[in-house]
Amino acid sequence: MLLAKGLFVKALIAALLLTSAASVSAQTAAPPAATPTTPPKLIVAISVDQFAADLFQQYRNHYTRGFTRLLNGAVFPSGYQSHAATETCPGHSTILTGMRPAHTGIIANNWIDQRAGRPDKVVYCSEDERVTGSTHDSYTVSDMHLKVPTLGEMMKARDPRTRSVSVAGKDRAAVMMGGHKVDELWWWDGKTYVSYAGRAVPPAVQRTRDAVAALIAKPQVALPLPGYCAGVNHPIVIAGKTYGQGRFEREAGDAKGFRVSPASDAAVFAMAAALVQDMKLGKGPQTDIIDIGASATDYIGHTYGTQGSEMCIQMAQLDKTLGDFFNVMDETGVDYEVVLTADHGAHDATERQQQRAMPMEAHMDESVLAKQVGTAIAKDLGLPGSVLLGTEGDVYIDDTLPAKTQAKVLAEALRRYRAMPQIAGAYSAAEIMATPMAKSPPETWTLIERARASFYPERSGQMVVLLKPRVTTIVSPAGGYVETHGSPWDYDRRVPILFWRKGMTGFEQPLSVETVDIVPTLAATIGLPVSGLDGRCLDLDPGAASTCGT
């Protein structure tokens, strides 16, 4: 009955936490004074994967639990992942580094490395491709590609006693927010929660594994449909399959169904709560940090789209999950500071958009694919195969070609792409690198400025190709993949950024800020000097005083 009501976090927390609510409450400290000026004892950084600003705005009036608390803090509804490559790995790399992908080195989820020494040449952002036999689909997780430190690393550099913990539904979320020096780092691998090879499994994680395994072993009945979901509870047929009225029923043993459901977020937050308690985070003389990557919204979005019953239920359940998690955090008596944001936004399934006043919505034509363009160019030049390789917007030229031939290929590829009706812009690496980093508000950036923010010469392509608005990179939708993100347009760039701490005076600032502003903002609240970052400190005091110092 508990699971039928969708109370995942309460069920899992009861299974995971060793300390009872009563005994924890007895340890509760006195509430901090209004507008706290002392450093918090624990930073809680939450990323909700694919939580677009549009989605936040759509449901903010229906939140009654966890989000309600955050809405009483400092609310920035127009945050930006300001770069062009709005994917999971680049986005997570900005949140706790204060640096854009052009500096973090994380240009995409995958990129081409023609020197990788393996047939597919595709490198995954959180892998160590040097491991013998690895591919971008079967890999050893590594932090080696992240080129800058995270906030947790900066805190440890100042005070080695700082504990840094990172947990998530995806390896790339946990790695990119946690960084290179973590005390605990755990993610869901499709079967259970894992970490780097050789790392001991702490009791909190083992309890999570056991509780989740027991949960998956049971069937899940339909989750409740809130009354306000009636407006989106309509069927849509995509590639022969009906979406839009799902309620997350699943059979016993269906681990994939668990991952693509609100329950997977609940498990991550329950494990985070258990680690906070077991490790006594925030109880020492120093400030600790825990990063939490909630991945269900992204899995649900890709699988079902953003405008059906599935996402509406997910928003309701996530709100409850956050509320239960914050209640446990309150019971610890720790003075904690929260920031919640997202790695990127999203755009609903093309077929549903076409039915809802957007007939110009379209799937990318197969002729746009780098392989197709490269094959046509190779034929014209009398060369075999394809002379181009590509992953999303980055296009690479076959590096076995002579330099003069590569130059011809580049010129011809740019000419062809720029003539295509679905292409908004095609830029050479030289053109992008000659473009200064933008300093204006992110919504005013040109396309090439957006491309510059996620261009890293050692990994990016010889050219970057960007689709026009409302053209999705999905050529043909299929079961489990009907919607995506990754474009340079604001529906994929805009994300909410919410700060909360007990005692703070809340306010809302509708003007644009960036996710790279999060680190200097949090650093200021704990008195940690930072410099050379892409972001700026956001003053979280709405009055004459400033949390950013002088």
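**Exercise 1. Is Cys 537 buried, partly exposed or exposed?**

Solution. This is a predicted model.
- Step 1: take the relative accessibility of Cys 537, which is 21%.
- Step 2: recall the cut-offs. Buried means under 20%, and exposed means over 50%.
- Step 3: the value lies in between, so Cys 537 counts as partly exposed.
- Step 4: repeat for Cys 548. Its relative accessibility is 24%, so Cys 548 is partly exposed too.

**Exercise 2. Find the handedness of the disulfide of Cys 537 and Cys 548.**

Solution. 
- Step 1: check the bond. The sulfur atoms of Cys 537 and Cys 548 are 2.0 Å apart, and the two residues form a disulfide.
- Step 2: read the torsion about the S-S bond. It is about -90°, so the disulfide is left-handed.

**Exercise 3. How many disulfides does the structure hold, and what is the pairing of the bonded cysteines in sequence order?**

Solution. 
- Step 1: recall the bond type. A disulfide is a covalent bond between the sulfur atoms of two cysteines.
- Step 2: count. The structure holds three disulfides.
- Step 3: take Cys 89 and Cys 125, joined with an S to S distance of 2.1 Å. The torsion of 100° makes the link of Cys 89 and Cys 125 right-handed. Cys 89 lies in helix H5 (residues 88-95), while Cys 125 lies in the loop between strand S4 (122-124) and helix H7 (151-158). The two are 36 residues apart. Both Cys 89 and Cys 125 are buried.
- Step 4: take Cys 229 and Cys 312, joined at 2.0 Å. With -90° about the S-S bond, the link of Cys 229 and Cys 312 is left-handed. This pair spans 83 residues, from the loop between helix H9 (203-216) and strand S8 (236-238) to helix H13 (residues 309-331). Cys 229 and Cys 312 are both buried.
- Step 5: number the bonded cysteines along the chain. The pairing is 1-2, 3-4, 5-6.

**Exercise 4. What span should helix H11 have at 1.5 Å a residue?**

Solution. 
- Step 1: count residues. H11 covers residues 262-279, which is 18 residues.
- Step 2: look at burial. In H11, 17 of the 18 residues are buried, so the helix is largely enclosed by the rest of the structure.
- Step 3: look just past the end. Lys 280 takes a positive phi of about 55°.

**Exercise 5. Which residues have the most contacts inside the largest nonpolar core?**

Solution. 
- Step 1: In soluble globular proteins, nonpolar side chains tend to be buried together.
- Step 2: read the core. It has 66 residues, and those with the most contacts inside it are Val 44, Ile 46, Phe 51 and Ile 292.
- Step 3: find the main contributor. H11 gives the largest share, 11 residues.
- Step 4: inspect Phe 51. Its contacts include Phe 56, Tyr 63, Met 315 and Val 495.

**Exercise 6. In what order do the four strands of the open sheet lie?**

Solution. 
- Step 1: read across. The order is S13-S14-S16-S15, with antiparallel pairing.
- Step 2: name the edges. They are strand S13 (388-391) and strand S15 (423-428).
- Step 3: Neighbouring strands are turned by 25° on average, direction ignored.

Definitions and conventions: Residues are numbered from 1 along each chain as its sequence is written. This is a predicted model: local features need pLDDT of at least 70, side-chain atom pairs count only at pLDDT 80 or more; totals for chains, interfaces and linings use all residues. Side-chain values use heavy atoms; hydrogens and water are left out. The expected span of a helix is 1.5 Å times one less than its number of residues. Buried means under 20% relative accessible area, exposed over 50%, partly exposed in between (1.4 Å probe, protein chains only). A disulfide is a pair of cysteine sulfur atoms within 2.5 Å. A nonpolar core is a set of buried Ala, Val, Leu, Ile, Met, Phe, Trp, Tyr and Cys residues joined through side-chain atoms within 4.5 Å. Contact means heavy atoms within 4.5 Å. Two strands pair if DSSP finds at least two bridges between them. Axes are lines fitted to C-alpha atoms, for helices over the stretch in contact, and angles run from 0 to 180 degrees between N-to-C directions. Lists of a residue's contacts leave out its neighbours within four places in sequence.
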